[in-house]
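Welcome, and please open the model in your viewer. We will go from stop to stop, selecting one part after another.

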Amino acid sequence: MNLKKVLAIALGIFSAIGGFVDIGDLVFNTQAGATFRFQLLWVVVIGVLGIIVYSEMCGRVSAVAKRPVFDLVRERTGFGAGLATLVASEVVNLMTCAAEIGGVAICLQLLSGLPYRLLIPVGVLVLVVSAWVLPFRWIERAFGYLGLCLLVFAVAAIKLHPAWSQVARGFVPGSHTGGSLLVYLYFVVGLLGAAMTPYEVYFYSSGAVEDGWGLKDLGLNKVTAIIGYALGGFLSFALMIVAGMLFLPRSISPQFLGTPALGPEHVFGRVGLLLALVGIIFAVGGAAIETSFAGAYNLAQFFGWRWGKKERPAAASRFTLSWLAIFALALLVVMTGYDPVRLTEYSVIFSVVALPLTYLPILLVANDYTYMGAHVNGKLANFLGVFYFVVILVIAVAAIPLMLITHGGQG
Amino acid sequence: MNKSTEVDIALGILDHQLVDSEGTNCGKVDDLEIAGLDGDAPEVVEILVGGSAWRSRGLLGRLAARLGGSAVHVRWREVEAVTSVVTLKRPAAELRLNRGDDRWARLVGKVPGS
């Protein structure tokens with residue numbers, strides 16, 4: 001393997017790590033740590049493995065069939081089921097995009113001291129201009145690399161000297177202390193939903209087509225999905241450990257999006273706070289662009305339009321207007337002043353309900369010889385794919401009742 | 001390719017991607033017009049794309065059709081090849097399949113860098 005290829009893989013991994021954490025991970029990992037300390041770390045492992053399994057499948061489908069997932073959803077499930085999936089995914093994408101924008105605006109407010117409502121349109125404008133101007137690869141990478149500032153959470157977690165034996169016990173599911181069983185289960189569902197958000201697989205598979213992946217990129221797909229997401233999962237561990245070390249003993253309930261940044265500030269002072277806020281802005285800002293693009297990809301692929309950043313915006317005008325419209329609608333939602341933390345919780349929980357509609361077609365297509373030829377799922381991919389599909393079905397049924405009964409994890 | 005084989009293939013391409021002669025995506029196979037279903041030589045005569053073509057696609061299709069305007073009819077003889085996508089013999093513009101992007105291109109085209 002030559003140096004250029006190694007560099008390309010390393011760059012892909014770095015951007016996957018920096019781009020792993022979004023607003024859902026930030027909220028749920030911090031709240032879970034502040035409520036159950038390290039006891040839910042095992043859920044992050046399950047969630048990260050799930051997104052690895054399905055992202056690898058998506059990337060493989062895109063590289064072999066040269067077609068993104070949503071293009072095949074309709075072909076495989078028909079118009080009615082495809083349209084239902086489209087509507088559900090668009091609602092979830094919009095909610096998620098709005099939550100991410102709220103997160104960007106709050107961090108900008110903490111950095112600048114300017115009014116939150118002024119910073120919402122400013123943040124959206126910067127994101128829209130970035131998405132308009134930057135080529136696809138650089139949207140993914142620029143935000144991913146700057147999102148690596150979140151590694152300050154990992155260093156803070158180590159510097160806080162947690163009892164590592166307790167941390168290790170968190171990786172084994174079992175009895176719990178610190179909250180009711182239902183609240184515990186609510187966080188299990190929320191953490192899985194945050195790790196396996198549907199827009200990630202839509203964006204990943206469309207991105208693979210935008211990047212022109214072919215059979216030669218199957219190795220790159222495996223490495224990016226496995227190492228990138230696995231290392232990204234370490235950021236989730238760090239968020240939970242920091243919250244468990246700092247917020248739980250002080251009975252701080254992180255009901256504010258800026259609260260997680262207090263962890264690095266506690267350990268490293270102002271530099272820590274600055275790195276955490278910059279990391280959150282870019283990780284969450286990148287996710288806002290990804291959600292708006294995922295929404296536009298889905299619409300364009302369902303109706304068969306021209307799509308992609310590789311196209312001139314005017315040539316693929318419906319695709320272009322779609323991602324701009326998602327930003328505009330998300331802006332309106334955030335401007336209502338609705339609490340971004342609540343919005344995030346709703347977006348994650350509703351995305352859990354939509355998960356089966358997203359993941360079943362991927363599993364079906366990845367097993368279809370017509371599209372995949374010799375690259376259909378092997379035994380391991382199918383075992384894990386089916387296992388996760390059952391998990392997804394269970395949490396999809398449980399998500400909304402748990403949210404209502406526990407008042408969004410408040411008990 | 002005899003007529004009934006042609007119909008079998010056509011039914012198998014419902015919801016598939018349409019690609020024009022220049023390799024550009026230009027819609028999906030939303031419905032098919034089949035002639036001669038009463039006799040022993042049914043024949044696909046047209047592909048229907050967009051709008052009212054969704055009317056025959058279940059409850060959600062009927063709802064979507066109300067918002068979608070009229071369908072574009074593409075004669076079956078315009079089909080060049082059927083693979084994992086349906087390739088057409090002519091550019092989308094000549095078959096009126098680019099009207100959606102054309103309609104909004106003027107608006108988007110006003111933005112610098114478009």
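This is a predicted model: local features need pLDDT of at least 70, side-chain atom pairs count only at pLDDT 80 or more; totals for chains, interfaces and linings use all residues.

What percentage of the 411 residues of chain A count as buried? Select chain A: 57% of its 411 residues are buried, where buried means that 20 or more other C-beta atoms lie within 10 Å of a residue's own, exposed means 12 or fewer, partly exposed is in between, and C-beta atoms are placed from the backbone.

Residues are numbered from 1 along each chain as its sequence is written, and chains are lettered from A and ligands numbered from 1 in the order in which they are written.

**Stop 1: chain A as a whole**

Switch to a cartoon view of chain A, and you will find 18 helices and 0 strands. Helices (H or I, at least four residues) and strands (E, at least two) are DSSP runs, numbered from the N terminus. Along the principal axes, the C-alpha atoms of chain A fill a box of roughly 55 × 50 × 45 Å. Among contacts in chain A with a separation of 6 or more, 87% come from residues 24 or more positions apart; two residues are in contact if their C-beta atoms, placed from the backbone, lie within 7 Å.

**Stop 2**

Select residues 181-195 of chain A to see α10, which has 15 residues. From first C-alpha to last, α10(A) reaches 21 Å, close to the expected 21 Å, a span given by 1.5 Å times one less than the number of residues. Of its 15 residues, 12 are buried, including A:Y184, A:F187 and A:L191.

Next, select α11 (residues 198-210) of chain A, with 13 residues and a reach of 18 Å. Here 13 of the 13 residues are buried, so α11(A) is largely enclosed by the rest of the structure. After α11(A) comes A:G212, with a positive phi near 70°.

**Stop 3**

Most residues other than glycine have a negative phi. Now click on A:R37, where phi is positive, near 50°. A:R37 sits in the loop between α2 and α3 of chain A and is buried, with 26 other C-beta atoms within 10 Å.

Then go to A:H161, in the loop between α8 (151-159) and α9 (164-169) of chain A. Its phi is positive too, about 50°. Is A:H161 buried or exposed? With 8 C-beta neighbours inside 10 Å, A:H161 counts as exposed.

**Stop 4: where the chains meet**

Show both chains: the contact takes 25 residues from chain A and 25 residues from chain B. On chain A, α4 (69-77), α5 (79-112), α6 (116-133) and α15 (317-335) each supply at least two residues of the side touching chain B.

**Stop 5: a sheet in chain B**

Finally, select the open antiparallel sheet of chain B, whose 3 strands run in the order β3-β4-β5. β3 (31-35) and β5 (72-75) of chain B stand at the edges, each with a single partner strand, so one side of each has no neighbour in the sheet. Strands pair if DSSP finds at least two bridges between them, and β4 (residues 43-49) of chain B pairs with β5(B) over 4 bridges. Zoom in on B:L48 to find B:H73 of β5(B) opposite.
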